[in-house]
Amino acid sequence: MQSNSYVRTAIGAVCLSSVFYAICVVAYVTATPDLRLRCLADGSAHLHSRGLIIRATASATAWGDQRPPASGDVLVRLNGRPTPTFLDFTQAVEELRWAKVRNGGWVYPGDDPRASDRSWPSLIEERDDDARSRGGSRTNGTRWVRAEIVDGQSGSERSIWLKVQSVPAAELVPTFVWLLCQLGILLVAAVSAWNRPFDGAARLFLLMGSLAMFAFVGGFHWWVIAATPWLNVPFILGGMMLPAVSLHFFLSFPRPRQFLQTRATTARVAIYALPAFLTVVTVVCLISIHAVHGEGGESALASAIAWLDRLRIGLRVFLVVAGVYFVLTVAALWQGYVAYRGPVERGQLRWILGAALLATAPILYTVYLASFQRVEFATGRGRIPMLIASLAFMLAYAVAIVRYKLISAYEFLTRSTLYYVVSGLLTVGLAFGLTGSVVAATGLPTTLTPLQGRVLVGILVLAAVLLIWLRDRVQGLADRHFFSEKYRLDEAFQRMNPAAAPEVDPEALGERLLQTCRDVLRVERSCLYLRPAASRQFALVVADGAEDLPRTLELAPDSLDAVRGTTLLRVRGDSGSGNDPVQELLRTSAMDLMQVLSVDGGGTGLLLLGNRGSSAFTAEDATFLQALAQIASVGFYGSRVHHELSRRDDELRVKMEQAARQQRQIALLQAELKSLDSPRAVTPTRSEQFRREAIKGDGPAITAVLETVQKVADSDATVLVRGESGTGKELLAKVLHENGPRREKNLVRVNCAALSPTLLESELFGHVRGAFTGADRDRVGRFEMANGGTLFLDEIGDVSLDTQVKLLRVVQERCFERVGGTETVHVDVRLVTATHQDLEELIRQRRFREDLYYRLNVVTVTLPPLRSRVEDLPELVFHFLHDTARRTGKRVRDLDEGVWDVLEAYDWPGNVRQLRNVVERAVVLAEGDTVTVSDLPAELTEFRPTAERPVVAAAPVRVPPVRVGDRRTAEADGFHADDGDERTRLLEALRKSDGNKARAARMLGMPRSTYYSKLKKYEIPD
């Protein structure tokens, strides 16, 4: 609860700060004077030491017939202030906002400030003749400022008067349109994040919307706010962090990607590190420019220009980074759209992905302007494309919110929507009324243009809306203070809600019930008695501040029936109630109030409260207690049903495990009988003619393999045997040979991994005398030895590339030359190869020839690992047991029950070969006729299964009822009920418990059956 409170505080702060910033920027821009001159914030001033180059003019107006400035002219001085840099220009324009016209600066009809008959100040204001004749101060609001201009072509300097105007409507209207749309999106995001503070995607969506307010409102009018650091820094922060937050949101929505869960810290650093670094660098450059500029002098000017150049380079780097982040965001959207199949998720992502694709063109155009048309970009031509891109995303968000409940916006778009709309309209209407009253009482300043007046009214309305909303919040806090009992009802229900969960036992539920009564009703003594349906006595379940109460008590059934479901107050003094057993119970227990609870199944509960101090219980308290009793009754019912189901579940598990143990014993007996059974003197059928003595087991995995072998044994097709080391690949090659048409000929075996490339070539193909040092006679190779029979090449994946070339010829043409010889030898050989390696990966690594792979891979047989053949374990064990006992002469015939538990729990990385060695070792070490656990190797007895290879427990694990202490233990282990992603917590608990699901359930404070159901819900493999 406390963490949620902090999150909601942060949500409110972020949302309000972004709206407040937007209001401040719009108000600032509206009241800012504008000369309609546009310059660049770069170091261009060092090319023209006399002033700042004018890059564009937008309806700049000069006095009379004076020629207005043109693009390429140099602005030397404005209002008497030198303008060598862009910062000087913006500060000079900013000073016009508050500058006052000095005496002698009023221009009347017929006056010409260009005349030299008098000295005019740098700022003048027009007045009418009536004001001159009467000495009045009435003005039409038009002001003019003197500017010194150097012609960009002739180089001549001239002084002109420029009209002080307001910001053009074409620059303000898009801002208002965008701001109104974004406020709607931001409102929904704030409501969703407020109601779901644990939802990371909702928080990111709100942060993305808030940063967009900073970035776009500031970016639309960057040249106006350039002289104001406190408006510039939030704009830089929002603009540079918005791409990273957007990418993070679309990687987390609608479900977080896997790497965000497994490597959360690394992922966040990768997403935010570079934008955060660029943000810091840009802010440092901006602060440095203002700092050195304030010092004055030529050196300060040079330093300011240098910092401006660094700032420009940083902004270019950011544009590249932002473009990369946009591409990654689109890729994340596409990946999510392809991966998620749910109609709601695909609907959300389809609209947003469409907006992203639609926004690609205007964004690319803006990047082009920023890279190659810097003047057009700086003078605002990129504003409309970015507005189109932003509006496309807004439309997509709006459709996804209304139609597909984006970020779980059902909290906002429900039946209460009408209430919010009506309330909002009333608030806006009241705001307009207040604003109209202020304007009617005071009037607008006459110095404002009509456009500025309308904008100012809009700002006042928006400010009034925020003030009314703030008033409502303060009023709510006051209500909570003066009527705390009513507002604590919701808090009490929130406390009781987790306690009424079905897995909570009656004692824990009673403790939470008494704690709620103590906090809300301010009682010092309380207790809870429960009576089962088949009993006449009430048993004390839990008490708080009343340790002197009896452990049991009795009440007549008729007395309970009279007050069942009601709240009974203690009668003070002698009121003729001395014979009432309920009143007698209240007096003897020093309690003031009793609530009777109806528990499912005919049971009854008594909730006794007392010692409230000087204040008496009221009817409102009784109503509150009755509502609380209903919740507690539901909780007791759920607890009883849950524990009954848990008991039956444990009983069922015990029976299932007993049945499994009996089935295993039957399998052991069958395996032992099979190993001792003598051959039958009957005519075998065709299926029984299949010789497979070397391969033990009748499980489905090995049976499927042998069925394939039986089909291909009669042919001469080349067979590739694959499988882990120790699974019996050589034995399978023997089965292939003995059941094929070449069974009367030789089966020749070669282990390719045991020989060097030179020796392997000689071993396979033979050599002639003198072929190499030590070749003193001719030698026949294994291919010639296997002529007419079968050649088995084990570990074919370890053959060198040179040998593979020669081997490919033999496989294709069945001929070869001996090493050092020239005579071609022809052979008729069936080839069987085997490997435990990934041949496809070796081909990708260019360590195995692809053409040879296709020649060898005519028929593939894959032997399953032993961990997939658990049902074959008894037959294999008894086969190795009797074989070893016969060879060693020991009378070992059986295995202890605990040995079977160890053998079944082990994962056998060495497969059948490892099993054979383990059984031989156990027989050798066994002191009696039975193998015990002490005869097994330590790696088996100390083995602990992982979550990926769980083990079926030999005995049931009983989970005690969940109590308050269990929840504290879960919290101590770092698991909380509101930690966010439940699937991540389930996996983390499974990892910490080494795959023991019962222990993982206890760590999370939930019953084992609930934990199993959640594993199935999130498709977590057993």
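Tutor: The answer below starts with conventions, goes through the core, and then turns to other parts of the chain.

This is a predicted model, in which local features need pLDDT of at least 70, side-chain atom pairs count only at pLDDT 80 or more, and totals for chains, interfaces and linings use all residues. Residues are numbered from 1 along each chain as its sequence is written, and side-chain values use heavy atoms, with hydrogens and water left out.

A nonpolar core here is a set of buried Ala, Val, Leu, Ile, Met, Phe, Trp, Tyr and Cys residues joined through side-chain atoms within 4.5 Å. Buried means under 20% relative accessible area, exposed over 50%, and partly exposed in between, with a 1.4 Å probe and protein chains only. The largest such core has 105 residues, and the members touching the most other members are Leu35, Phe89 and Trp178. Helix 5 (residues 200–220) contributes the most to this core, namely 14 residues; helices (H or I, at least four residues) and strands (E, at least two) are DSSP runs, numbered from the N terminus. Leaving aside residues up to four places away in sequence, Phe89 touches Leu37, Cys39, Leu52, Leu75, Leu78 and Thr83, where contact means heavy atoms within 4.5 Å. A second, separate core holds 29 residues, including Cys752, Ile796, Tyr853 and Leu856. In soluble globular proteins, nonpolar side chains tend to be buried together.

Thr142 lies in strand 8 (residues 139–150) and counts as buried because its relative accessibility is 16%. Beyond residues up to four places away in sequence, Thr142 touches Ile124, Glu125, Glu126 and Lys163.

For the sheet, two strands pair if DSSP finds at least two bridges between them. An open sheet is formed by 5 strands in the order 17-20-23-16-24, with parallel pairing. Strand 17 (747–751) and strand 24 (859–862) are at the edges with a single partner strand each, so one side of each has no neighbour in the sheet. Strand 16 (residues 719–722) is joined to strand 24 by 4 bridges, and these two run parallel. Leu720 has Thr860 of strand 24 as its bridge partner.

Finally, the whole chain. The protein chain has 35 helices and 26 strands, and buried residues make up 46% of its 1022 residues. Of the contacts in the protein chain with a separation of 6 or more, 68% are between residues 24 or more positions apart.
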